[in-house]
Amino acid sequence: MTDVTPASAARIGIGGPVGSGKTALIERLIPVLQARGVDLAVITNDLVTKEDAERLRRSGLIDPSRVEAVEAGACPHTVIREDPTLNIAAGDALEARFPGLQLLVFESGGDNLASTFSLDLVDWWIFVIDVAGGDDIPRKRGPGVLRCDLLVINKIDLAPHVGVDLDGMLAEAARVRGGKPVIATNARAGLGIDQVADAIGRAVLFTP
């Protein structure tokens, strides 16, 4: 009888500036993906703390043992782009611990618009910005905005309160990205989360 090596889990990244709503997005995605039968785990990245990992472990949304923390000790993009070995090792450890794992989510520490993920680490990645950062973010054409597989524009409920033309921001984002997908969300209220889950399903889980 021939041994069959199980398929490894799909690996996705979620990056973006500090405070854009990366952890809030993950908190909303976890129950949606679980309800769709997705077996998942999360690796968080912070500079010198495990704050985001502890937040997820305390949330009650996921088995705490399915959350690992990586402390970058340097600019957050270092361990998701230049040398992702710490993250790769954390992902491998979770896969060994949970056979049948289908999806690994890597949350980057908060970074700037130049933050991108190494394709040695992830198969597909999301970049999160928020309207409170200003509607000129898409026009600045940062590598994170341009190169990500999915751009999420979060906190859309704040647009009228911070003087942002949301329709214009969405249109500009679609234009600079050459038609690559853009989804508007309010992670706190759950708006747009199903569409993000749909995008993950189509791109890396190959679900309809």
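Predicted model: local features only at pLDDT ≥ 70, side-chain atom pairs only at ≥ 80, totals over all residues.
Mentor: Start with one definition. Helices are DSSP runs of at least four residues, strands are runs of at least two, and both are numbered from the N terminus.

Trainee: Is Ala187 buried or exposed?

Mentor: Look at the relative accessible area. Under 20% means buried, over 50% means exposed, and partly exposed lies in between. Ala187 has 2%, so Ala187 counts as buried.

Trainee: Which residues does Ala187 touch?

Mentor: Leave out residues up to four places away in sequence. Then Ala187 touches Ala24, Leu25, Arg28, Asn154 and Ile193. Take Asn154 from that list. Ala187 and Asn154 are 33 residues apart along the chain, yet their C-alpha atoms are separated by 6.7 Å.

Trainee: Where does Thr185 lie?

Mentor: Thr185 lies in the loop between β7 and α6. Thr185 has a relative accessible area of 0%, so Thr185 is buried. The contacts of Thr185, again without residues up to four places away in sequence, include Val152, Ile153, Asn154, Lys155 and Ile156. Leu191, Gly192 and Val196 are also among them.

Trainee: How do I describe two packed helices?

Mentor: Use the angle between the axes and the distance between the axes. Now the case here. Helix α1 covers residues 22-35 and helix α6 covers residues 193-205. Their axes come within 10 Å and cross at roughly 70°.

Trainee: What do we call that arrangement of α1 and α6?

Mentor: Angles of 65 to 115 degrees count as roughly perpendicular. Therefore α1 and α6 are roughly perpendicular to each other. The crossing of α1 past α6 is right-handed.

Trainee: Which residues make the contact?

Mentor: On α1, look for Leu25, Arg28, Leu29, Val32 and Leu33. On α6, look for Ile193, Asp194, Val196, Ala197 and Ile200. Sort the residues of this contact by type: 8 are nonpolar, none is polar and 2 are charged.

Trainee: How many salt bridges does the structure hold?

Mentor: There are 11. To read one, find a side-chain nitrogen of Lys or Arg within 4 Å of a carboxyl oxygen of Asp or Glu.

Trainee: Which residues form salt bridges with Arg36?

Mentor: Asp194 is one partner, with N to O at 3.6 Å. Arg36 lies in the loop between α1 and β2 (40-46) and Asp194 in helix α6, so the pair ties together parts that are 158 residues apart in sequence. Asp198 is another partner of Arg36, with the closest N and O atoms 2.7 Å apart. Asp198 is also in helix α6, and this pair links parts of the chain 162 residues apart. Arg36 is partly exposed at 40%, Asp194 is partly exposed at 43%, and Asp198 is partly exposed at 28%.

Trainee: What should I know about phi?

Mentor: Most residues other than glycine have a negative phi. Look for exceptions. Arg141 is not a glycine, but Arg141 has a positive phi of about 55°. Arg141 lies in the loop between β5 (124-130) and α4 (143-147). At 41% relative accessibility, Arg141 counts as partly exposed.

Trainee: Where is Lys155, and what is the phi of Lys155?

Mentor: Lys155 is in the loop between β6 (150-154) and α5. Phi of Lys155 is near 60°, a positive value. Lys155 has a relative accessible area of 26% and is partly exposed.

Trainee: One last residue. Where does Lys180 lie?

Mentor: Lys180 lies in the loop between α5 (166-176) and β7 (182-184). Lys180 is partly exposed, at 32%. Beyond residues up to four places away in sequence, Lys180 touches Leu146, Arg147 and Cys148. From Lys180 to Cys148 is 32 residues in sequence and 8.7 Å in space, C-alpha to C-alpha.

Definitions and conventions: Residues numbered from 1 in each chain as written. Heavy atoms only, no water. Axes fitted to C-alpha atoms, helices over the stretch in contact; angles between N-to-C directions. Parallel < 35°, antiparallel > 145°, perpendicular 65-115°, else oblique. Left-handed = near helix turned anticlockwise from the far one by under 90°. Contact = heavy atoms within 4.5 Å. Nonpolar A, V, L, I, M, F, W, Y, C, P; charged D, E, K, R; others polar. Buried < 20%, exposed > 50% of the residue type's maximum accessible area, 1.4 Å probe, protein only.
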